[in-house]
Amino acid sequence: MQLHHGAILLSAEDLQRFSGCPHATARDLAALSGVAQPGVAPSGLSQSGEVGAAPDPSATRAALRAGQAEVSQPVFLGGGWIARTDLARRHAEPSELGAFSYRLELRSEATPEAVIDLVLAAERLAALQGGTPGTATLVLPDRPPEPLRLSEVRHYVRDACARLEAFVADPAPTRPEPCAACAACCWAGACAADWRTQDSLHGVGGIARRQVVALEAAGISTLAALADSSGPVAGMAPDALQRLRQQAQLQVAGRSGTPQIALRPERPGRGLAALPAPAPGDLAYACAGAGAPVHALRDAGGVTLLHDPDPALGLARLADRLRGALEGAPEARIYHHGPAPVQALRRLVASLGTAEALLDRLLREQRFVDLEAVARAGLMTSEPGSALEALPLFRADLPGAVPRTMDPGIPDALAEALVQDCDRILGLRDWLVSVRPEGAWPPAQPAAQAREAEEEAETAALRQMLEAADLPADLRALLFDLGQFHTREAKPAWWAIFDSFARDGAALIEDLDALGGLVALGPAEPVKRSVRRHYRYPAQESRMRPGSGASLPQAEGMASVTIEALDRWRREVTLKVGAARAGLLADRLDLHPDRPVNAGVLASALRDVIADRCGPGHYRAVADLLERRAPRLSGTAALLEGTDPVQAIAGAVARMQETVLPIQGPPGTGKTHVSARAILGLVRGGARVGIASNSHEAIRNLLNGVAAALAEAPLPVPPTLVHKLGAGPDGYAPDSPVQRTTDNARAAAGGDIVGGTAYFFARDENIQAFDWLFVDEAGQVGLANMAAMGRAARNLVLVGDPRQLPQVIQGAHPPPADLSCLDWLLGAETTFPPDRGIFLSETRRMHPQITDYISDQVYGGRLDSHPDTALQGLSHPGFPASGAYWVPVSHAGNAQTAPEEVTAIRACCAALLAGQWQGKTGPARPLRPEDIIVVAPYNAQVNGLREALPEAIRVGTVDRFQGQEAPVCLVSMTASSAEETARGLEFLVSRNRINVAVSRAKGLALVFGAPRLRAARCETLEQMRLVNTLCALPPWQGPSF
């Protein structure tokens, strides 16, 4: 922020700062105007308002007008903004400059600030040469050049610029609030002083922003007022409110000068009850740095600081040091503070493929102890920070100085900080031991060295086989990572269980993989040889579902219970266990993630595929998949022949020569219709066809599509349709021609068309048993699972859309092993080029105005609407006839529920039902409740919407509605801001999910959300693309909401 000829000149840095914290910008403006501010002003801005001279853009303008081939570090000035980027390169395209024009290049890092500069520069370049550059070029280190479509980020930048310009012209009142930008903000000290002076609720230890909003709405605006308060508070769970009150009371009492402590109620396996007894060989662990981190270990003999410029070598040395330290110390633990050290270690191990078996062993043996989690669940103190920060007030004596061993290249200041961290960690351990109530110590877990040795032997054998094969290095690396995929995928599931055990009730309610705060509604009931018990739980989002299992911590390890029923509407759950374990169903419970599914059949099939790729090469279609080859078809014609798209696709499928063919189908393009008819064409020629997907619902949908196509055009000999199902209802109509079985052998033995999941097709009896395998919703099928089941067929047809719902993955896998099979084949492209696959480019669902939005934001402009779709639309004086729009709804502090959006959507639905719907054919008719779909990201918001809306209006999450459509779709974004998102920005504003939600609408889509969502501070280019999808929606404000 600078003064330029008496006016404020803004930059990309100012825009990022404003997006993170408007209050920081308000302080900047005050400092620039000469108002004294506590703290240190940003670089380039002094408290007296004196600034350096703005860069002169005249040299850039002269070089551009002269037609210079390259203009390095061009500077643009205009509209109150200054923009800089790395390079402007001349191209032979006429412009107002002459017979040439320029395209901008970003050649350093694609940080949000640099991309904002790029967009600002592109728009000012357009003022010189005319038009608006459609693309820029990213030329980043260690990556090939790639185009950046500026429409993918331009809406976000324009929105943010307009907000900042309005703020500078007329600053709105702000107040200091904790945010992600605080850590690097020069005004952080001043804001902290304000909180102390105001006795702000933000000073309460462990309080969240949405809790501050709820308390202030109830008239509780200070820490002291919270300490003195009583009774319920709307929007807050009783347990969370009580914890905050107790924390505030401790902090008020601590103001007398005497630090206060309160132990939490004891719970088995939680808090101080989970603290192990001190044992010989105990270690403290800390780390710092990314890429090639510095590791610090402290034992009774001293501190060892490990660092190597090669992170793999550094990690290997750490592994050797840990093995040596724990050898002969069966009860020793590795103490750390907070989840970050172990999370960083997991990421490092997964990315490098080093010490995986050792880390798994240490986690299985529960060697790591997070003292922050122990303290948080076990006690409260009068200090608002962590127990480690409060430690000096409660314990003056820390472990004494010990010898230090340090690798070269570690800065002295960093070494000293890590040594102090280790000292304080052991000091915290000793203090927690001293305040722990008397009681039995948790037992050590069984040793897992044998499992470690077995995993290392398997890994070594895989490496040896691949090194002996005559394959390209990148393919060997991919095959190795695919061979490790299912092992790596299972480990996080186990880690998640132990992480969950360490969390307290409030944290569990925020954990999507858990269900926290269960309270029994009555006694346990006997059911045959089992018992069940009904519970109610507080509002929360959870991935747990009926029929699945859940884990409970026990002193001797863990136990499992079955979720018999789960009613998200009433927030009630029924648990079931064997009668001998009835004691597990206590009055109060937290449910933790279940043990992972056994993927042995997939892992075994994948090992066979890898061996085949290293040797005989029988599985040619899988080889094409793994090597990302273009489809291999008979004849010399193009991939698609003829004018009828259905016949052309069926013809292309029939001409496949033991290869893989991707078919990308955006919403409403008829993937099921096309696939069903292609399958019947193959069966007519005597082929046996398999149908696979991740879900039995998708398999059933395609089998039903085949049955419908067969009814329209019967074959001389009716084919046999078989579906290999799992347990539970099959979902078919009673008169369906599809035979259903749960018997693998029966499904494998017969059937012209057989449906099943990867677990069925990966079985040995199905090797090359099918001529074609169609994989539906292939954008959600991982590359590893596709390779495992791919050996079942001679040809693979992958039908789906990687730009709709993504695959679900838990583990950290080195790319590209972490991709879905369609993402892998697609590479850096947005849609499949004509020589690499089939792109269904015409939707028969969406009005052109909706299609234009979806096409531009998701499909690179390649998706069009069938002409008939322009005939459909809404007739209502208060609403647009068609299109996709943003409806701003102001609210704050909401995460998984937004009552304000429920109210707005209820009013919108009531108004809509007074309108008329005009379909593609026939006269207009009244809009009915069943013509409206309402989508929300979280089940808690879904429940609120269901309660408020007529029963006939369909309400659910995006996952429920994929494949469905309606004249009108309303979307509730729910979270008030990026900071409050329950699953992170990447989930809430996922382009894939926005695509699926908006594209349910035939005529009108309205997206309801808080304005702060479109104002999110982005930390990556991909986040900018995500938020841009929201910003690209034109705003519309309804007459009554």
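Is isoleucine 649 buried or exposed? In this predicted model, where local features need pLDDT of at least 70, side-chain atom pairs count only at pLDDT 80 or more, and totals for chains, interfaces and linings use all residues, isoleucine 649 is buried, with a relative accessible area of 1%. Residues are numbered from 1 along each chain as its sequence is written, and side-chain values use heavy atoms, with hydrogens and water left out. Buried here stands for under 20% relative accessible area, exposed for over 50%, and partly exposed for what lies in between (1.4 Å probe, protein chains only).

Isoleucine 649 sits in helix α22, residues 645-654. Beyond its neighbours within four places in sequence, isoleucine 649 is in contact with Leu640, Ile663, Val674, Ile838 and Leu840, contact being heavy atoms within 4.5 Å. Between isoleucine 649 and valine 1027 there are 378 residues in sequence and 36 Å in space, C-alpha to C-alpha.

Turning to the whole chain, 36 helices and 42 strands are found; helices (H or I, at least four residues) and strands (E, at least two) are DSSP runs, numbered from the N terminus. The radius of gyration is 31 Å, which agrees with the value near 31 Å for a compact globule of 1041 residues; it is taken over C-alpha atoms, and the globule rule is 2.2 Å times the number of residues to the power 0.38. The C-alpha trace spans about 90 × 80 × 65 Å along its principal axes. Of the 1041 residues, 53% are buried. Among contacts with a separation of 6 or more, 69% come from residues 24 or more positions apart.

In helix α2 (residues 22-32), nine of the eleven residues are buried, including His23, Arg27, Asp28 and Leu32. The cover over these buried residues includes β1 (2-4), β2 (7-9), α1 (12-20), α5 (154-169) and α6 (188-198). Glycine 34 follows α2 and has a positive phi, near 95°. In helix α3 (residues 58-65), the buried residues are Thr60, Ala63 and Leu64. These residues lie on the same side of α3 because they cover an arc of only 100° around the axis, the arc being that of the directions from the helix axis to the C-beta atoms. They pack against β3 (70-72), β4 (75-78), β6 (87-91), β7 (101-106) and α4 (112-129). Just after α3, glycine 67 has a positive phi of about 80°.

Several loop residues also deserve a look. Alanine 524, in the loop between β18 (515-520) and β19 (525-527), is partly exposed at 35% relative accessible area. Apart from neighbours within four places in sequence, alanine 524 is in contact with Arg532 and Arg533. Lysine 528 lies in the loop between β19 and β20 (530-536) and counts as exposed at 86% relative accessibility. Although not a glycine, lysine 528 has a positive phi of about 55°. Glutamine 768 is likewise not a glycine and has a positive phi of about 55°; its loop runs between α26 (758-761) and β30 (770-775), and at 21% relative accessibility glutamine 768 counts as partly exposed. Finally, the peptide bond from proline 815 to proline 816 is cis, with omega near 5°, and proline 816 is placed in the loop between β31 (793-800) and α28 (821-826).
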